[in-house]
Amino acid sequence: MPKHISSSAKELLKGILTTDPNKRYSINDIRSHPWYKLEKHERDPEGIIIGKDNVPVDPAIVQKVELHNHNKENIKKCIENNRHNHVTTTYYLLLSKHVRSGGQSLADISGELYKARSAH
């Protein structure tokens, strides 16, 4: 291993990469290792879980996407089904531009409108 890697990190990597499954570090071993504990790790990431949570759709952003010759119902369907295509790319770019310019949206999962809505 490279010399610039700390001995604690090397020990953790060796434990993770051990080929013997009985000796290999488990998730609990990794999380309790001193090197891993150097950083704070959040248990619940912010966001939504596709298939469990409803994907928020902002009607105002949908209207902007419609101006690019897309069908309103298809736009909603693509977003709600977490499609990765030109329709959702256009939607998320417009949403990002809206939020960066100071706008609020219920589809901005880091924004106050989304947090207030999901708290209910």
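Leaving aside neighbours within four places in sequence, T88 is in contact with C78, I79 and R83. The model is predicted, with a mean pLDDT of 88 for the protein.

**T88**
- T88 is part of helix α5, which spans residues 86-100.
- The relative accessible area of T88 is 3%; because the cut-off for buried is under 20%, T88 counts as buried.

**Helix α1**
- Helix α1 covers residues 7-17, and its buried residues are A9, L12 and G15.
- Viewed down the axis of α1, these buried residues fall within an arc of 125°, so they line one face of the helix.
- An α-helix has 3.6 residues a turn, so residues three or four places apart point the same way.
- Exposed residues S7, K14 and L17 sit on the face of α1 turned away from its buried side.
- The cover over the buried residues of α1 includes α2 (27-32).

**Nonpolar patch**
- A nonpolar patch on the surface is formed by M1, L13, I16 and L17, which together have about 360 Å² of accessible area.
- L17, one of the patch residues, is also one of the exposed residues on the face of α1 turned away from its buried side.
- M1 is placed in the segment before α1.

**Confidence**
- A pLDDT of 70 or more is reached by 88% of the residues of the protein.
- Among the elements, helix α3 (residues 59-66) has the highest mean pLDDT, 96.
- Helix α6 (residues 112-118) has the lowest mean pLDDT among the elements, 74.

Notes
Residues numbered from 1 in each chain as written. Predicted model: local features only at pLDDT ≥ 70, side-chain atom pairs only at ≥ 80, totals over all residues. Heavy atoms only, no water. Buried < 20%, exposed > 50% of the residue type's maximum accessible area, 1.4 Å probe, protein only. Helix = DSSP H or I, 4+ residues; strand = E, 2+ residues; numbered from the N terminus. Arc of directions from axis to C-beta. Contact = heavy atoms within 4.5 Å. pLDDT = per-residue confidence, 0-100. Patch = residues over 30% accessible without salt bridge, like charges linked within 9 Å, V, L, I, M, F, W, Y side chains within 5 Å. Areas by Shrake-Rupley, 256 points an atom, 1.4 Å probe, with all protein chains shown as cover. Salt bridge = Lys/Arg side-chain N within 4 Å of Asp/Glu carboxyl O.
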